[in-house]
Amino acid sequence: MFPSAAPVILAVARVQRDTGTFRYAFAPTWVFVGAYLLIWTLFGGLSYLGALAASELAQQVPWIMMNAARIGGGILVLAGIYQLTSLKRVCLAKCRAPQDFILHSWGKGYSGSLRMGLKYGIYCLEVTGCSSSFFFPWG
Amino acid sequence: MNIAAMALLTVLIFAEKCFPPGARIAQFAALALILYGTLVIIVPAALPLSGAGM
């Protein structure tokens, strides 16, 4: 999901450079990117643990093994329904408009950049998070 | 993890986030997921599981 964050990262870098608070604009920008990546790394780790637990469970309960594809189908339907919820819609709108996000969520200094990165990461996770469960059927 | 499924998801999210009709793409994806999921529930063989390739 990293490439799709590029427009926001570039916008943050531009605002940092133009405000000139920092001698090197890339430093707070990297704090922002780091916080964003932290959210995704945590999510990736949790998903992996979830997948391990699910496959462990599947080995103990034959019913899950026999109906693995059907359960996968159910997850796909749930992911589709999630796509239509207002949570997904609101977060997608936030994720899509970097100027708007920066205007309303701008944080000063390194701690502000950190907060902003975490917030943006969580918004984007909401956009993708449930759709990512759509890996599991194939996983 | 299936690389093709991951690539597909990445393209979808990128399109939702970066292309002008993003919200519409999300709705289209919703419809596609629901239809395909329903198909898999009825015909489980429609879902290529890991090891079987895609």
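Select W106(A) and show what surrounds it. W106(A) touches V12(A), V15(A), Q16(A), F101(A) and M116(A), leaving out residues up to four places away in sequence. Contact here means heavy atoms within 4.5 Å. W106(A) sits in the loop between α6 (98-105) and α7 (109-132) of chain A. Helices are DSSP runs of H or I with at least four residues, strands are E runs of at least two, and both are numbered from the N terminus. W106(A) is partly exposed, at 29% relative accessible area. The cut-offs are under 20% for buried, over 50% for exposed and partly exposed in between, with a 1.4 Å probe and protein chains only. For a distance check, pick F26(A): W106(A) and F26(A) are 80 residues apart in sequence and 16 Å apart in space, C-alpha to C-alpha.

Before moving on, some ground rules. This is a predicted model: local features need pLDDT of at least 70, side-chain atom pairs count only at pLDDT 80 or more, and totals for chains, interfaces and linings use all residues. Residues are numbered from 1 along each chain as its sequence is written, chains are lettered from A and ligands numbered from 1 in the order in which they are written, and side-chain values use heavy atoms, without hydrogens and water.

Colour by pLDDT, the predictor's confidence in each residue from 0 to 100. Chain A has a mean of 82, with 91% of its residues at 70 or more. Chain B averages 79, and 87% of its residues score at least 70. The model's ipTM is 0.79 and its pTM 0.77.

Now show the aromatic side chains. Seven aromatic pairs occur over all chains. Rings of Phe, Tyr and Trp (its six-membered ring) pair if their centres lie within 6.5 Å; planes under 30 degrees apart are stacked, over 60 edge-to-face and the rest tilted. Select F32(A), Y36(A), W40(A), F43(A), F101(A), Y120(A) and Y123(A): ring pairs link them into a cluster. Zoom in on Y36(A) and W40(A). Their ring centres are 6.5 Å apart and their planes lie at 55°, so this pair is tilted. Y36(A) and W40(A) are four residues apart in helix α2 (residues 26-60) of chain A, about one helical turn. Y36(A) is buried at 1% relative accessible area, and W40(A) is buried at 15%.

From Y36(A), step to A5(A). A5(A) lies in the segment before α1 (6-19) of chain A. A5(A) is buried, at 1% relative accessibility. Beyond its neighbours within four places in sequence, A5(A) contacts Y36(A), Y120(A) and K17(B).

Stay between the chains. Select helix α5 (residues 86-96) of chain A and α2(B): they pack at about 140°, with axes 10 Å apart. Axes are lines fitted to C-alpha atoms, for helices over the stretch in contact, and angles run from 0 to 180 degrees between N-to-C directions. K88(A), L92(A) and R96(A) of α5(A) meet G22(B), A23(B) and A26(B) of α2(B).

Finish inside chain B. Select helix α1 (residues 3-18) and helix α2 (residues 22-42) of chain B: their axes come within 6 Å and cross at roughly 145°. On α1(B), pick L12(B), A15(B) and E16(B); on α2(B), their partners are G22(B), I25(B), A26(B) and A29(B).
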